[in-house]
Amino acid sequence: MRAYYHDGDSATDQRLPHEHIPYSAVAPEELSRLGVLYWRIEKQGNWQEQIDAVAQERSYKNRDVIKVSKEAMGDVYESKLRTFYEEHLHEDEEIRYILDGSGYFDVRDEQDRWIRIAVTTGDLLVLPAGIYHRFTLDANDYIEAMRLFKDEPKWTPINRPADANPFRLSYLQSVRSAV
Ligand code: KMT
Ligand code: NI
């Protein structure tokens, strides 16, 4: 995992790194202030047990695996990628363990700037309910991820603006009270 400020350029390919110049790293502590959690679980040895432990501790009862590639998705590939990259929130956590490949999760900071989180195999990332975010493949065009859920999957992306959404409001409240 590598987190840094996005350069804000939306005119060129979203799959490029888009590092802000000068490069501006974002520390895990800053991410956790935004409610974004991260674990590194090397995909070797008892990695599945380690995932199970996190899942049990955080009450993630369900899971599935998604493969994002032209080959795996066929006809819906382009439209799925567009949906992933539209700025949105969810009314539940978005939990991803990267099984293979890589990609970028972008999250908004408190000043509404994009933070880009580059994930690779072995990264476990949790985005809190109510945070504005988006996802894109990187130049490698491939990711496979385990998606974990507290209960039934609550998929529905709620596109911005959703400023009056109760999960948005309680997210903002939790960030402010964490300062
Ligand atoms: C999402 O919600 O944006 C996704 O599931 C993207 C694929 S998982 C790396
Ligand atoms: Ni999402």
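Strand E4 (88-89) contains His88 (strands, E, at least two residues, and helices, H or I, at least four, are DSSP runs numbered from the N terminus). The structure is a predicted model, in which local features need pLDDT of at least 70 and side-chain atom pairs count only at pLDDT 80 or more, while totals for chains, interfaces and linings use all residues. Residues are numbered from 1 along each chain as its sequence is written, chains are lettered from A, and ligands are numbered from 1 in the order in which they are written.

His88 counts as partly exposed because 19 C-beta neighbours lie inside 10 Å (a residue is buried with 20 or more other C-beta atoms within 10 Å of its own, exposed with 12 or fewer, and partly exposed in between, C-beta atoms being placed from the backbone). Leaving out residues up to four places away in sequence, His88 touches Arg134, Pro157, Ile158, Asn159 and Arg160 (contact requires the C-beta atoms of two residues, placed from the backbone, to lie within 7 Å).

In the unreviewed UniProt entry, the annotation "binding site" covers His88, His90, Glu94 and His133 (positions are given in the numbering used here, feature names are shortened, and annotations may be inferred rather than shown by experiment). These annotated residues are spread over 46 residues of sequence but cluster in space, the largest C-alpha distance being 11.5 Å. His90 is located in the loop between strand E4 and strand E5. It too has 19 C-beta neighbours inside 10 Å and so counts as partly exposed. Beyond residues up to four places away in sequence, the contacts of His90 are Ala129, Lys154, Pro157 and Ile158. Glu94, by contrast, is placed in strand E5. Glu94 is buried, because 24 other C-beta atoms are within 10 Å. Between Glu94 and Pro28, which are 66 residues apart in sequence, the C-alpha to C-alpha distance is 17 Å.

Glu94 also belongs to the residues around ligand 1, together with Ile66, Val68, Phe84, Arg96, Gly103, Phe135, Ile143 and Ala145 (a residue is near a molecule if its C-beta atom, placed from the backbone, lies within 6 Å of it). This shell consists of six nonpolar residues, one polar residue and two charged residues (Ala, Val, Leu, Ile, Met, Phe, Trp, Tyr, Cys and Pro count as nonpolar, Asp, Glu, Lys and Arg as charged, and the others, Gly among them, as polar). At least two residues of the shell come from each of strand E3 (62-68), E5 and E9. The most is given by E5, with three residues.

The largest nonpolar core has 24 residues, of which Phe105, Val107, Ile117, Leu125, Leu127 and Ile131 touch the most other members (such a core is a set of buried Ala, Val, Leu, Ile, Met, Phe, Trp, Tyr and Cys residues joined through C-beta atoms within 7 Å). Two or more residues are given to this core by each of strand E5 (94-108), strand E6 (114-120), strand E7 (123-127), strand E8 (133-137) and strand E9 (143-149). E5 provides the largest share, five residues.

Leu148 is part of strand E9. This leucine has 22 other C-beta atoms within 10 Å and is therefore buried. With residues up to four places away in sequence not counted, Leu148 touches Ala55, Tyr60, Arg63 and Ile95. Its C-alpha atom is separated by 8.9 Å from that of Glu93, 55 residues apart along the chain.

Five helices and ten strands make up the secondary structure of the chain. Of its 179 residues, 23% count as buried. Among contacts with a separation of 6 or more, 75% are between residues 24 or more positions apart. The C-alpha trace spans about 40 × 35 × 30 Å along its principal axes. The radius of gyration is 16 Å, which agrees with the value near 16 Å for a compact globule with 179 residues (taken over C-alpha atoms, the globule rule being 2.2 Å times the number of residues to the power 0.38).
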